[in-house]
Amino acid sequence: MKRLQVAARSAVRDVDVEIDVAPGEVLAVLGPNGAGKSTVLAMAAGLLRPDGGRVVLGDTVLSDAATGTFVPPHKRGIALLAQQAMLFPHLTVAANVGFGPRSRGRGRAASRSIADEWLRAVGVEHLAKRRPSQLSGGQAQRVAIARALAGEPDILLLDEPMAALDASGAPELRRLLREVMSVQRRTALLVTHDLLDALALADTAIVVEAGRIVERGDVRSVLTTPRSAFGARIAGVNLVTGRVDSPDSLQTDWGATIYGIVADGFRGAGVALFSPDAVAIHLEPPRASPRNVLPVTVLALDVHGHAVRVTGAVPNGPQMAADVTTRAVADLDLVVGQQVCFVVKAQEVRIHPAHT
């Protein structure tokens with residue numbers, strides 16, 4: 001197991017990041033489309049040459065803009081598992097998996113033995129003689145995992161490996177990867193949009209927005225007490241930023257006061273978090289109101305199972321969501337463009353330090 005350090009930037013893609021992945025650690029890279037997640041993987045894999053900074057794996061410098069050092073992808077000891085399996089179409093399943101060991105100088109018999117071992121490990125040994133065109137999407141991804149691990153890489157790069165699978169295939173592959181990663185203690189970078197992928201596979205997480213890291217921490221903290229807008233969206237909570245100068249409230253950038261429970265009595269930049277199902281909707285400010293009454297304009301009404309997600313925008317402030325019953329929507333006669341009040345009890349709001 002080796003440590004991966006990436007302190008690199010790409011000017012053309014406006015990405016500048018610094019990450020340190022410990023040996024045996026799985027780091028989830030989260031963020032919206034176009035944020036720069038795949039660029040981070042590309043710089044680590046050698047598919048994109050950074051304009052500045054360094055990429056180091058263990059004691060080996062893979063890329064150094066200052067000295068001109070650049071190790072090509074096939075010599076890095078890194079395996080990339082992407083959305084598509086990208087198997088060699090002209091080779092059998094067994095030959096695909098045995099390709100890595102053969103490339104590292106192992107003999108034919110040894111490579112076949114290693115391929116058989118990994119095909120058994122991922123549960124597709126019965127497909128050894130098939131061609132990739134004869135496989136389902138889930139089968140092909142299992143073979144791709146076996147091929148990646150058979151090459152004995154120092155690190156795995158996982159670029160949304162479950163994204164192309166159906167609802168039944170994704171959980172099976174996620175379970176398989178979790179078993180393999182926990183037993184092998186593989187060092188890995190995982191790019192994903194899926195909350196379940198991050199929770200099941202990763203130890204730590206970073207959130208990338210506009211090419212910069214805006215949040216990092218252990219994966220459960222990032223996904224349960226997020227400090228960034230995207231972290232809040234993927235965790236399914238409302239997030240309001242501001243400053244904490246009193247023991248029970250946060251002053252927002254748009255002039256409102258949000259009352260709640262302040263973690264550890266801190267002062268300074270903070271975020272207020274509250275669940276959409278803790279939000280009540282009123283047509284007028286309630287007289288005997290809880291302490292947080294936020295005027296919003298209704299932007300969207302979306303049905304989620306037995307509830308309706310009402311998205312509203314605060315004047316000069318952020319968007320936030322409320323989950324209410326269909327009956328409540330009918331009783332209030334809610335429509336897009338309507339002015340209403342989002343009401344949240346102070347005890348439902350948790351205020352935490354902002355990420356720095």
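This is a predicted model: local features need pLDDT of at least 70, side-chain atom pairs count only at pLDDT 80 or more; totals for chains, interfaces and linings use all residues.
Student: Why are H2 and H4 called roughly parallel?

Tutor: Helix H2 (residues 93-103) and helix H4 (residues 137-150) pack at an angle of about 25°, and their axes are 7 Å apart. Angles under 35 degrees count as roughly parallel, so H2 is described as roughly parallel to H4.

Student: What is the handedness of the crossing of H2 and H4, and which residues make the contact?

Tutor: The crossing of H2 and H4 is right-handed. On the H2 side the contact is made by Val93, Asn96, Val97 and Pro101, and on the H4 side by Val143, Ala146, Arg147 and Ala150.

Student: How do the residues of the contact of H2 with H4 divide into nonpolar, polar and charged?

Tutor: The contact comprises 6 nonpolar residues, 1 polar and 1 charged.

Student: What makes Val180 count as buried?

Tutor: Val180 lies in helix H5 (residues 169-184). Its relative accessibility is 9%. Buried means under 20% relative accessible area, and Val180 therefore counts as buried.

Student: With which residues is Val180 in contact, leaving aside its neighbours within four places in sequence?

Tutor: With those neighbours set aside, Val180 is in contact with Trp118, Leu149 and Arg185. As for Asp116, Val180 is 64 residues from it in sequence, and the two are 16 Å apart in space, C-alpha to C-alpha.

Student: How do you know that E15 and E22 pair?

Tutor: Strand E15 (residues 261-262) and strand E22 (residues 350-353) are joined by 2 bridges in the parallel sense.

Student: In which sense do E16 and E22 run, and how many bridges join them?

Tutor: Strand E16 (residues 268-274) and E22 run antiparallel and are joined by 4 bridges.

Student: Which residues form the covered face of E17, and which the uncovered one?

Tutor: In strand E17 (residues 279-282), Val279 and Ile281 form the covered face, while Ala280 and His282 form the uncovered one. In a regular strand, side chains alternate between the two faces of the sheet.

Student: What is known of the pairing of E17 with E21?

Tutor: E17 and strand E21 (residues 339-344) run antiparallel, joined by 4 bridges. His282 has Cys341 in E21 as its bridge partner.

Definitions and conventions
Residues are numbered from 1 along each chain as its sequence is written. Side-chain values use heavy atoms; hydrogens and water are left out. Axes are lines fitted to C-alpha atoms, for helices over the stretch in contact, and angles run from 0 to 180 degrees between N-to-C directions. Angles under 35 degrees count as roughly parallel, over 145 as roughly antiparallel, 65 to 115 as roughly perpendicular and the rest as oblique. A crossing is left-handed if the near helix is turned anticlockwise from the far one by less than a right angle, and right-handed if clockwise. Contact means heavy atoms within 4.5 Å. Ala, Val, Leu, Ile, Met, Phe, Trp, Tyr, Cys and Pro count as nonpolar, Asp, Glu, Lys and Arg as charged, and the others, Gly among them, as polar. Buried means under 20% relative accessible area, exposed over 50%, partly exposed in between (1.4 Å probe, protein chains only). Two strands pair if DSSP finds at least two bridges between them.
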